[in-house]
Amino acid sequence: MIARRHLALAALPLLARPAIAQAPWPNRTIRLIVPWPPGQATDLVGRIMAQRLSEKLGQQVVPENKAGAGGSIGTDFVAKAAPDGYTLLAASIGPISFGPLLHRLPYDVERDLAPIATFSGSPYFLVVRADSPARDARGLIEMLKRDPGKHSYASSGVGGAQHLLTALMVARTEVDVLHVPFQGSGPAMAALLGGQVDFAIETLAASGGLIREGKLRALGSTVGRRTELMPEVPPLQEALNLPGYDYIGWIGMMAPAATPRPILDRLSAELAEASRLPETRQRLAAIGTEAIPRGPDEFRALLAEQREAFGAVIRQLGIRPE
């Protein structure tokens, strides 16, 4: 009897250990993986939201750039990370919505990643150097058609949003141009400025400063309406007579798929609150994005809608990976 009582008492510390070890989340630094180089739209927006989350969670949320392969390297890193809420992804339309439709990737978005929230959206803009002979979008297409195969465009990586949106425009306008991919928007814009390529479709986060400095000229936007971010620039849908060419990029946050729902809900609520702050909205607008908060369920529905819509467009136009 006494021996059994001693055994039972001895087992109590062992039974209590798991409960003691499970401290409330978060209790240490959180990594926000940015799958692009510094200066790209996802990087800039991700850093704004990381700062806001650090303030609200009481723990540092530290951005970490893991660039390459059109955003898929950093995305895969998060997809395979421990689902404990301490490794998050600064997600964007390229490696999440476009890449899986064009390439065989090491991750499956639906299986491996959990949507948390979107917090901003941005149209992309067709840009050329200030000294380009193309004064408008139609003039650019006419220039490209006069010399088939002799012009080129930059993108932030094969399968990224910039690549696919440009490929769609190229296919629908029936021009023959060369695609030159780079590892991120910064290098792509440097190549455009340096004369290595003739045009690009980019975010205002990457191109807006260069447009304001007079080094680049915007000829059209990918959204189907004039945007408040640059109201003087016509939509390409109108400028090039491309019905249905109406796309806006989103930036958000995702986590490994098995991350507990309470953690996802806490992050989503904090991001939504941060997105409503006037200072946050002003900072997002300053880099060329609009605050567009969506929670996990709305985010998941958006991803499903984009898979269906872009998958149909890619099949219709016969776009293939390079």
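Ala, Val, Leu, Ile, Met, Phe, Trp, Tyr, Cys and Pro count as nonpolar; Asp, Glu, Lys and Arg count as charged; the others, Gly among them, count as polar.

This is a predicted model, where local features need pLDDT of at least 70, side-chain atom pairs count only at pLDDT 80 or more, and totals for chains, interfaces and linings use all residues. Residues are numbered from 1 along each chain as its sequence is written, and side-chain values use heavy atoms, without hydrogens and water.

**Exercise 1.** Describe the second largest pocket and sort its lining.

Step 1. On a 1 Å grid over the protein atoms alone, a pocket is an open set of points where a 1.4 Å probe fits, with protein on both sides within 12 Å along at least five of seven lines; lining residues have an atom within 4 Å of a point.

Step 2. List the lining: Ile-96, Pro-100, Leu-101, Leu-105, Tyr-107, Asp-108, Val-109, Glu-110 and Arg-307.

Step 3. Sort these residues. Six are nonpolar, none is polar and three are charged.

Step 4. Find the main contributor. Helix 4 (a DSSP run of H or I, at least four residues) gives the most, with three residues.

**Exercise 2.** Describe the largest pocket and its lining.

Step 1. Count the lining. There are 15 residues, and Ile-248, Leu-302, Glu-305, Gln-306 and Phe-310 lie nearest the centre.

Step 2. Name the elements giving two or more residues: strand 4 (113-129), strand 9 (248-256), strand 10 (290-294) and helix 13 (296-317). Strands are DSSP runs of E, at least two residues.

Step 3. Pick the top contributor. Helix 13 gives the most, with five residues.

Step 4. Sort the lining. Eight residues are nonpolar, four polar and three charged.
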